[in-house]
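Q: Please take a close look at the packing of side chains here, beginning with the chain as a whole and ending with individual residues. I would like each cut-off spelled out as it comes up.

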Amino acid sequence: MARNSLQLNLRIALRLLLSKRRAMLMSLAGIVFGVALLIVMLAQTSGFEGFFIRTILGTNGALRVQDRFQETVTSMVAADEDAGDTFEVALREGQTYVQGIQNPRQVLEGIFAFDSVVDASPVLRGPVQVTSGFRSEEGRLHGIDAASYLAVSDLDRQIVSGSLDDFGVQPDGIILGSVLADRLGLRVGDPVLLRGAQEQRRFRLVAIFESGIELVDRVHFYAHMREARLVLNEFDSVSYIQVTLDDPDRAPEIAAHMSQVLGYHVASWQARERSWLEVFRALKLSSAISMTTILVIAGLGMFNTLAIIVMERAREIAILRSFGYSRRDILSIFLLQGILVYVAGTLLGWLSAAVLTRIIESIPIRIRGIFSTDHFIMHWSFNHYLIAAAIAFVVVITAALIPARRASLVEPGAVVRGTSG
Amino acid sequence: MEAARQPVVRVRGLHRWLGEGETRVHVLRGLDIDLEAARTIAVVGPSGCGKSTLLYLLGLLDLPDDGSIHFGERRVDNANEETRTRLRGAEIGFVFQFHFLLAEFTAAENVMLPMLKLGRRSPGEARAAAEDLLDSVGLRGKADRRGNQLSGGEQQRVAVARALANDPRLILADEPTGNLDRGNSEALFGLLRELAREKGQTTLVVTHNPELAARCDQTLSMLDGRFVED
């Protein structure tokens, strides 16, 4: 019975809707446009944000264990006059900043005790002058253990020239960032002189990497840990330990826990890249607001059309009420008109969004700076489609509900009385 | 015989005010009326005397301020909205001065709408019944024409067929021929009366037309919200 009633109401709704074909098509177009653009904007901002995050994780890892503040405690001898005993009172004077990790082996053991840790690799870092045959540049030498470092980074995927295999077999091999190599006019196979504070050593360029992050590509370069220790004159400690996690989104809570357990400062990627992530968040929000505005305007158009239908069809509403249609039926007939437009608008909007996304991601665009890409990066996510559908639903149903409610409140007696001669 | 005399509708002490504040008017002033089965009753009177207001109250489209309305033994004036809606669909058929057909629907579909809403007939049965009703009002060949493809007289005949769709006990007609020429008026009224008599339905017609009133079984004259002797 209820199903029959719904079918009947749906039939009436469809006919009433088609009676205002042009106005409804305008509203439908607005919803299609709004839904499609909202999805495309979400796909684009999420695409770039996701790519940035992948670049960051691939270059600097999810967590970095580095440095610590050490409590400085002194004691004072005190005497109990009655008992004649003496005792010590600990006095907390403050904290001392300790750079790097002095006991990397133990800290690594502590890190691997966390279930969520996938891999960890120690890195020794220090400022070094890099000299080619023609010129010198200041850079940051990263001494790594190749096997473990590849497990916590995307260095293998970032190689644009040369080979990591050569790095593995050449103790004096060095990998330079693409910008640094360009500045020094170096090519794979060229000799390079690294000059530390006290030591200088000759290396051979075996590979060039490009992370896409301007700062990294201009300053970073990698050598084997043993060679780096010699250049930097640092034989025990490491600068930091780079860590990958099974779920990078949980990095902040794991960092806090790890910091508490290890006594070292542990920085999550979210904390390190907070400013960029805020930029992406603001972009995403402003795009969503702009696109939602289009949907709201489409909703206003629909509200207008439905309100006109209610006004023009008051007599038909009255006659429907006179032969047994309840207020709820009338409400349903007008809400269903909104729902029909919503369903058609959302499905067409989804389809348009998919087509637009496919087209946009093939558009060439060269971006270097915070990441490296040669085309638009679009993130395909069904969640974007659900979000757009949910926003459109709220807008359309709100727009339909007001006239629908008004229609349901039509007093048939008053309407018919107004038309009788 | 006792059952036959039982009125289909019994009204006692019906009062209705319309308007607000200074414009508030006492439209119906304590009406009593019994409508018996299979009779056609005309209500006549000058404009504003309360004829249509009475019709809307009997049709449960409006609420009285005082008094009672019974359908058979059942008091209906104080029924809730849902019950009143259901009773309108099942027990009452309306014919108004304007046909109020849904222009997007064909003649047959307009007649089927009350049937499908009541849910006593399947769509197929409703279609057959609608065609029979359209046949009885002389429109069988035009069942699939939309409202705006019919003449004024034909549209009003569809409205009569629609009023009869659920075999109501009571048919309420408010100036049903008000928009028709003389020939169409007489034909339509004759049709309404004949069909109602055939099915034993009670018909109450509000009209300004004394000739139509004269053809009814009973005529009630109204003046200032009361029934008066002619």
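A: **Overall build and side-chain packing**

Chain B has eight helices and 10 strands, both taken as DSSP runs numbered from the N terminus (helices are H or I with at least four residues, strands E with at least two). Its radius of gyration is 17 Å, close to the 17 Å that the globule rule gives for 230 residues, so chain B is as compact as a globular protein of that length; this radius is taken over C-alpha atoms, and the rule is 2.2 Å times the number of residues to the power 0.38. This is a predicted model, in which local features need pLDDT of at least 70 and side-chain atom pairs count only at pLDDT 80 or more, while totals for chains, interfaces and linings use all residues. Residues are numbered from 1 along each chain as its sequence is written, chains are lettered from A and ligands numbered from 1 in the order in which they are written, and side-chain values use heavy atoms, with hydrogens and water left out.

Along the principal axes, the C-alpha atoms of chain B fill a box of roughly 50 × 45 × 35 Å. Of its 230 residues, 56% count as buried, meaning under 20% relative accessible area, whereas exposed is over 50% and partly exposed lies in between (1.4 Å probe, protein chains only). Within chain B, D174(B) is found in strand 7 (residues 170-174) and counts as buried because its relative accessibility is 1%.

The largest nonpolar core holds 200 residues, of which V65(A) and F334(A) touch the most other members; such a core is a set of buried Ala, Val, Leu, Ile, Met, Phe, Trp, Tyr and Cys residues joined through side-chain atoms within 4.5 Å. Helix 2 (residues 21-60) of chain A gives the most to this core, with 17 residues. Domain 1 (2-59 + 276-419) and domain 2 (97-263) of chain A both give residues to the core, so it lies between them, the domain bounds coming from an automatic or database domain assignment. Leaving aside neighbours within four places in sequence, F334(A) is in contact (heavy atoms within 4.5 Å) with residues including L16(A), L306(A), I309(A) and A400(A).

Turning to the rings, a search of the whole structure finds 12 aromatic pairs over all chains; rings of Phe, Tyr and Trp (its six-membered ring) pair if their centres lie within 6.5 Å, and planes under 30 degrees apart count as stacked, over 60 as edge-to-face and the rest as tilted. The rings of F52(A) and W276(A) have their centres 6.1 Å apart and their planes at 50 degrees, so the pair is tilted. This pair links distant parts of the chain, with F52(A) in helix 2 and W276(A) in helix 12 (residues 274-312) of chain A, 224 residues apart. F52(A) counts as buried at 2% relative accessibility, whereas W276(A), at 36%, counts as partly exposed. Ring pairs link F52(A), W276(A) and F280(A) into a cluster.

Charges also meet rings: the charged end of R15(A) sits over the ring of F105(B), 4.5 Å from its centre, and that of K117(B) sits over the ring of Y325(A), 5.4 Å from its centre. Here a charge sits over a ring if NZ of Lys or CZ of Arg is within 6 Å of the ring centre and within 35 degrees of the ring normal.
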